[in-house]
Amino acid sequence: MTGTRLVGRCPEMAWLQQKAGLAREGREQVALVRGEPGIGKSALLEAFAEDCAAAGMRVVTGCARELERDVPFALLGECLGAWDPGAAASVPARIRDLLAGLATSPWKAEDYAFSMADALAECLDTWCVAGPVALIVDDAQWMDTASTRALARAVSTVGLPLLLVIATRPGEQATALDAAFSAPGRPAADITLGLLSDEAVAELAQARLGADAPSEHLETLRSAGGHPLFLTQLIAILGEGGDEKSDEESDERSVGSTARAGGRAVAGSLVDVLSIRVGSLPERTRSVLALASLLGSGFEIAELSAVVGMRTTELLAPVQEALAAGLLVCEGAAFRFHHELIRQACAEGLPAPLVGALRLDAAKALAMAGAGVERVSEQLMLADRLDGEAVRWLLEAGSQLARRAPEMAIVLLSRARAHAGPGADADQRIDRALARALWADGRLAEAEEMLRRMVSRDTEDAELALSVAQLCYEQGRLQDAIDACGAALAEHGGHDPLHGRLAGLTALCRFWLTDDAGALEWGARAVEAGRRGGEPRAVVLGQFTRATAMAQGGSYQEALDLLAELPADVFGDAELAAEYGLPPYLIRGFTRMELDLFEDGDLDLGLGMRESENGRAMFLPWYHSGRAAIRYLDGRWDDALADVQTARRLDDPLLLQPGLEDFGDIITLRRGAAPSRYAHVPGRLLGQPRYAFNRAVAHALVLEAEGDARAAFDRLATAWSEHSAIRANFTHPLIPELARLASVAERTAEFRELVRSIEQVARHRTTAPSALAAVALCRGVAQGDIEQLIAAARHYQQAGRVICEAVAWEEAAVLHARASRTGESRDCLEEAARAYGVPGAVWDISRAEARLRALGVRRGVRGRRDRPKSGWQALTPTERRVADLLGDGLSNVDIAARMFTSHRTVQTHVSNILAKTGAPSRFEIAARLPRPRG
């Protein structure tokens, strides 16, 4: 069967089989198949899918549809069977929920795109653990943008036994697909299908028409020029004995020459041949197929019934005739045209002037039959006009369509706006729906402009004024948002629910502008107004912002107390998070971290990360930043680096990446490999101002490594004095480094001035062990007080902050050495080396040893036990645990659940394991994993 269908395609089939073989070995592959319409791409993919299934691969197929190019995730939903009621139960739950929620969820288009790609990556990972997977996509030139991006993100995972095959027509779209699915070091392989050779044509003729077929039949087939679809349609006609068409009719339609078969005319172009095939059917069947062509390449029988205006039983005969003729094929509960060119041939039966009107009627019929909003909209997009009924439908379905397919909503609502005419009541409703669609599509400036025009026409509409302020906020124009809130409050301040929400948004903006006092004041107003007006969202927004400002100001326990007063469901409130970008888990996680409650803080950050994966991706880098900070402080530096690496693959609208990279550079430097990018960096802030301390510490350590400890001290002293964001994060390791550099650079006199401000800040801060330690350390260095330094080390030890503890022990060792207490100094140095050794801070150990040697104190002789750079012994404890779980057959998703992290972080560990061990795939990790004997 496969051999007959694929005459002349042995080289192409062998090429694909070679890619499948590599995928089965765990070497992820992407293959692009190019070819003109009808050249045989679909037949090749169908045969290859059967071959993959026979080889034990899981085969997932999908075909993009021309009418669905603007429907987000249309192709992805088809691949997974989400649109087939009979197969919907097998769709992974997370993807099913996301697709079902597209029309009702508050998330924006970009949030959904990330969540869908994330869910697809989880799905592919789970499937690939069970066995190799072949994902085959046909007609990708019509693939919707959302599916393209989701697939490209999902298949970027390395080491999976996954083969992605994409068939497309040549042209700009093929080039774009090649770029989308290529990665550094892994370009998408591609092949182009050509015409069949004369030998292949003869072989096909013999296989289909028999060895005794007339010689003139072979001549007729050769006139097709080796085009597969042309050949198969000619063979169908020849097998039926030709077709009763006059030479005049044939010449009228022919693009090429006309051949003759058995005394009858056979048109010499593919268009003619397809017309003959369709024209041979009964008139009623041709009429049904002509109307079916309006529905695109595929349709359900209920849709066809609605559009044609016939009962299902009346459609039985026409559909069976089309199936028997090979013009339609059955796919589960739906039907599709055997080829797009066949659909176009069927559509020729429709009078061109009527097609636009027929599409409008089709849209109305589908809407009456309860079809999905995107299915109705596909027809309206191609209709020549919109009438009042269509506009009314758009007004009812506009909000749902804006969430499901915002680009389609924008086009249709713009057309509806022109139909309604200025001044009409419907015009106001259309404008509001259009603004929401622009907002959902991320076209915030256009949405704001439209809403401002509406506000100028209708000053009584308070919700419009609030929407303008929210749009300013989402675009990062915080002062404009505050001004818009102020203007709205002046106009509508008596309306308490609105007053509370406007005050809450003002508080949030002031917080992001680092005006913590203003955030506290406006947050309190929001709470008061919300309670008075019965608006719980205003209360939550105000309370949350107050808690956040308190935490940023160092009143961590008070912040936790305020967060505890929030309703429990706030921590999973998707609408609140979508509207204002509130991340309650994030704030509580950071607050607990500052209180040295690392385990609880890590739990919150993990929960928030899981929540953000399902809708608020903008906060994911922040969650990774928090987890990296905890791991930096408690000495799990390899895990901190994994969070840094993982965050690099994420979008970063909050500009947290520079601070995360600084974390990575601090670790790299302290492990003995100083980065050079800070050598000439000025003291300006990059990225989020609140995280400037990472840049300051990294730059100072580079300066110290270059031998300029005084400049390093000046860098940190300036940062402390000038940046309130750093003083707010009182327990950050900047303070220990500032104290240590004051001692190293012999700048204790100047440091004493800073200590006063540190003590003043401390009076309003928490009594957490790390806060007590910071004050004791600063006093110990400034006053030369050994007891304070020992107390600082003990407090840091209690807090679990090993690198800070090491600094305190180092300074205690220096004071003992200066007082000629060599034994005590050596003991403290050993404690410092032990603490520095936990995260592998070899640069700090060498630096501290050199510093104490200059004071006459040496450690005992010890052999260095550095971890190897490659091989199984190079794996960190976390990487070893991941490798063990891979060996147990777990997917990234399962491992992430076991380790309470994200599957992206697990993938980072897997990538590191592959690089260190040289294993080519996840399968090889499991196969080569050294196991304990016995």
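I took rings of Phe, Tyr and Trp, the last by its six-membered ring, as a pair if their centres lie within 6.5 Å, and by this rule I counted 7 aromatic pairs. I note at the outset that this is a predicted model.

**Entry on the aromatic rings**

I began with Y632 and W637, whose rings form a stacked pair with 5.3 Å from centre to centre and 0° between the planes. Both Y632 and W637 are buried. I then looked at the pair of Y632 with F663, which is tilted, with 5.4 Å between the centres and 50° between the planes.

**Entry on charges over rings**

Next I looked up arginines over tryptophan rings. R525 lies over the face of W522, at 4.0 Å from the ring centre, and the charged end of R847 sits over the ring of W843, 5.5 Å from the centre of that ring.

**Entry on the parallel sheet**

I followed the open sheet of 5 strands, which runs in the order β2-β3-β4-β1-β5 with parallel pairing. Which strands stand at the edges of this sheet? They are β2 (58–63) and β5 (189–192), and because each has a single partner strand, one side of each is left without a neighbour in the sheet. When direction is ignored, neighbouring strands of the sheet are turned by 15° against each other on average.

Within the sheet I looked at strand β3 (residues 133–138), which runs parallel to strand β4 (residues 162–168) and is joined to β4 by 5 bridges. Here A134 stands opposite L163 of β4. Helix α3 (residues 41–54) packs on this sheet, where the helix touches β1 (29–34), β2, β3 and β4, and the direction of α3 makes about 165° with that of β3.

I turned to strand β10 (residues 334–337) and asked which of its residues make up the covered face and which the uncovered one. F335 and F337 form the covered face of β10, whereas A334 and R336 form the uncovered face. I keep in mind that in a regular strand the side chains alternate between the two faces of the sheet.

Strand β8 (residues 298–300) runs antiparallel to β10 and is joined to β10 by 3 bridges, with F299 standing opposite F335. Strand β9 (residues 328–331) also pairs with β10 in the antiparallel sense, over 4 bridges, and V329 has R336 of β10 as its bridge partner. I noted that β9 and β10 form a hairpin with 2 residues between the strands, and that G332 in the turn has a positive phi of about 65°.

**Entry on the whole protein**

Last, I looked up the totals. The protein has 49 helices and 10 strands, and 57% of its 934 residues are buried. Of the contacts with a separation of 6 or more, 68% come from residues 24 or more positions apart. The accessible surface comes to about 37300 Å², of which 51% belongs to carbon and sulfur atoms.

Conventions:
Residues numbered from 1 in each chain as written. Predicted model: local features only at pLDDT ≥ 70, side-chain atom pairs only at ≥ 80, totals over all residues. Heavy atoms only, no water. Phe/Tyr/Trp six-rings, centres within 6.5 Å; stacked < 30°, edge-to-face > 60°. Buried < 20%, exposed > 50% of the residue type's maximum accessible area, 1.4 Å probe, protein only. Lys NZ or Arg CZ within 6 Å of the ring centre and 35° of its normal. Pairing = 2+ DSSP bridges. Axes fitted to C-alpha atoms, helices over the stretch in contact; angles between N-to-C directions. Contact = heavy atoms within 4.5 Å. Areas by Shrake-Rupley, 256 points an atom, 1.4 Å probe, with all protein chains shown as cover.
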